[in-house]
Amino acid sequence: MTVEVSQFRNLIEALDAAPAELPFLTVWVDEDEQKTVTFGEFRRQARVQAMALRNEGMRVGDRVVILMPQTLSAMTMFVATMMLGALPAFLAYPNFKIEPSKYRSGLEGVTANLKAKVVVIDAEFPDELLGHVSIGGETRLFRVSQDSGSASVPAIPEADILADSTAFIQHSAGTTGLQKGVALTHAAVLRQLGHLAAALGIDAAKRGPADCIYSWLPLYHDMGLIACFMLPMVCHLHVVMQSPLDWVMHPETMLQIITEHKCTLAWMPNFAFQFVPRRTSLSRGAKYHRAKYDLSSLRALINCSEPVRSQSMEEFQEAFSTIGLKDGVLHSSYAMAENVFAVTQSDCRRGRGPNRVWLDGKMLRNAHQIVPVAAGDEGAISFTSSGRLLPNNEVRILSEMGGILGSGQVGEILIRSDSLFTGYYNRPELTAEVIVDGWYHSGDLGFCLEDELYVVGRKKDLLIIGGENLYPHDIEEIVCSHPAIHDGRAVALGVYNADVGTEEIVVVAEVDHEELLANRDAIEREVRNLVVGGIGVAVKKILLKPPQWLVKSTAGKASRSGTHEKLARENPELRIEAVESERA
Amino acid sequence: MTVDEQQMIEHIQQLIRKPGLVLDENTALVSSGLVDSMALVDLLLKLEDVTHMRIPPGKVQPKDMNTVALMLATAQRVGKVRK
């Protein structure tokens, strides 16, 4: 079936157009527990919730914070809010592995900024955290049960939802700290979904079986909310979802779900392309996998939300080609909440993955210049493309001095599109800082080559050492290539030295086993030599730490800002200043 | 102390690497800072192994993991027998 996204005035109209009997959402808990609802049943449950919200006095334009576990009920509540013309926002639900103090301060900040009319929580929301939900005089707390019963569809007075009215607020990446609420209109979301569906060939797939999306992604993140909830809702696709916590505990379940439901599309951040192969039972041998799992249904697994690393894609491909993962299925995209979602997408129809280029590392560091070289050349470094621009999306590459750079030069990525946000909710000053003359300043560094965008890293993470531009990821990759260092567990930081007037590189890295620390001096020397040999710069200080020392994000990857803060605290002799926040 | 509690304590001692530190089933681990939040994923996996149960992580809060005794009580409360 083909769905023409542009025919809809708003997201609710798109949901209403779906055939009632079509499966929409499967919530997968484990092999014994999964529940599928059709579009018809989803609509019914959303209307029951909408009626309950209306009885709470909800009106057009009111904000609703949804603090619920990732369940059907949370998703129907989100849609119910939109049915009334009110603005829902998902926030992260507390869980056993969050840092309680960070979570509390994030919750206070975000709920205060939204000035919500209603904060929706589930029956099991921990009472001790309620004091940190900012509830002003106008805000009411609404506890919802998981069961919406079997009541028939209530007649709710229809709100007149204008295309240019705000549909919802999605928060920029990260689960804690001062997240920025991105307000998005129905029209912007629908335009984005139309472009995305076309780029992914969702319409073109109509000759074969319909697409089925797999997701473990949190709904408070743009990948989870837009690609894995709004896209299937508007394009009338089936989505199979498990909670991020279940995935992080048992990543092998991802293989099981894709196999069982013959999923065709999925999105993941770069770290997951390494995390999944390393945490699945490869030790039990390829035969075990071949008998149990089959990934041949996948037609696009898209690396998104972090700079794409070729090595991570290769690791995933190599691990799972034995269980049917086809060549050319791994793809890439550059996306952000501020643009609703994707700015670029690699071509899913050409039968091979995104382009990869090898560049002269020295020219990149010294002059921010892109000079392609052969793969084996000395000092060559590789980048994987994030693909081509979606229709009506434009990028500019801006120099440090504010000039527009041509193809082949690295600078800040600026974006203009027909799905760009109009501002951060209730934060006009912050909005004015990042949207200038209609262009969104992303804070990401990248370059364009042969009409494709390559993302290099975050501008604020760039290390400028003696006039040379260094990307921390490059240093970390070299450090992790040492056999004593735990892969993925190194962080390179720039520490300003006032005596010499420049930043110096400090590397913190975890060793594989604590016993290795007995050889600290030798390992430090070898790592230092590797970095000098690889990129020709000296590391001021290498700090080897025992396993599990680095601060990790909730997803388990090394957190640059968290590690920075811990180092400032535990190694005061380094005179490192604590940093404020981080984009995940 | 039960066998399950003893196994959990031995695992935690290896994890936090503080020689000489004596732990029992009622030692506060999370609220005291002995165990950080990311190590709790590892502890929950160990708890599944020790109890032979599948523990839905969405039903576990930091306070449920504060002591070994609470961990085992949580496994009994929310765990499902593993196939």
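Of the 584 residues in chain A, 50% are buried, a residue being counted as buried if 20 or more other C-beta atoms lie within 10 Å of its own, as exposed if 12 or fewer do, and as partly exposed in between, with C-beta atoms placed from the backbone. The model is predicted, and for this reason local features need pLDDT of at least 70 and side-chain atom pairs count only at pLDDT 80 or more, whereas totals for chains, interfaces and linings use all residues. Residues are numbered from 1 along each chain as its sequence is written, while chains are lettered from A and ligands numbered from 1 in the order in which they are written.

The secondary structure of chain A comprises 17 helices and 28 strands, where helices (H or I, at least four residues) and strands (E, at least two) are DSSP runs numbered from the N terminus. Among contacts in chain A between residues at least 6 apart in sequence, 69% join residues at least 24 apart; two residues are in contact if their C-beta atoms, placed from the backbone, lie within 7 Å.

Helix 2 of chain A covers residues 39-55, and its 17 residues should span 24 Å at 1.5 Å a residue, which agrees with the 24 Å between its end C-alpha atoms; the expected span is 1.5 Å times one less than the number of residues. Buried residues of helix 2 of chain A include A:Phe39, A:Phe42, A:Arg43, A:Arg44 and A:Leu53. The buried residues of this helix pack against helix 1 (11-16), strand 1, strand 2 (33-38), helix 3 (72-83) and strand 5 (118-122) of chain A. Just after helix 2 of chain A, A:Gly57 has a positive phi of about 95°.

Helix 6 (residues 186-200) and helix 7 (residues 222-235) of chain A pack at an angle of about 80°, with their axes 10 Å apart, the axes being lines fitted to C-alpha atoms, for helices over the stretch in contact, and the angles running from 0 to 180 degrees between N-to-C directions. That angle makes helix 6 of chain A roughly perpendicular to helix 7 of chain A, since angles under 35 degrees count as roughly parallel, over 145 as roughly antiparallel, 65 to 115 as roughly perpendicular and the rest as oblique. The residues of this contact divide into nine nonpolar, no polar and no charged, where Ala, Val, Leu, Ile, Met, Phe, Trp, Tyr, Cys and Pro count as nonpolar, Asp, Glu, Lys and Arg as charged, and the others, Gly among them, as polar.

Helix 15 (residues 472-480) and helix 16 (residues 520-535) of chain A pack at about 130°, with their axes 9 Å apart, and are therefore oblique to each other. Their crossing is right-handed; a crossing is left-handed if the near helix is turned anticlockwise from the far one by less than a right angle, and right-handed if clockwise. Helix 10 (residues 272-279) and helix 12 (residues 310-320) of chain A pack at about 35°, with their axes 8 Å apart, and their crossing is left-handed.

Between the chains, 21 residues of chain A are in contact with 17 residues of chain B. Strand 1 (23-30) and helix 8 (244-249) of chain A are the elements that give two or more residues to the side of chain A that touches chain B, and helix 8 of chain A gives the most, with four residues. The residues of this side divide into eleven nonpolar, four polar and six charged.
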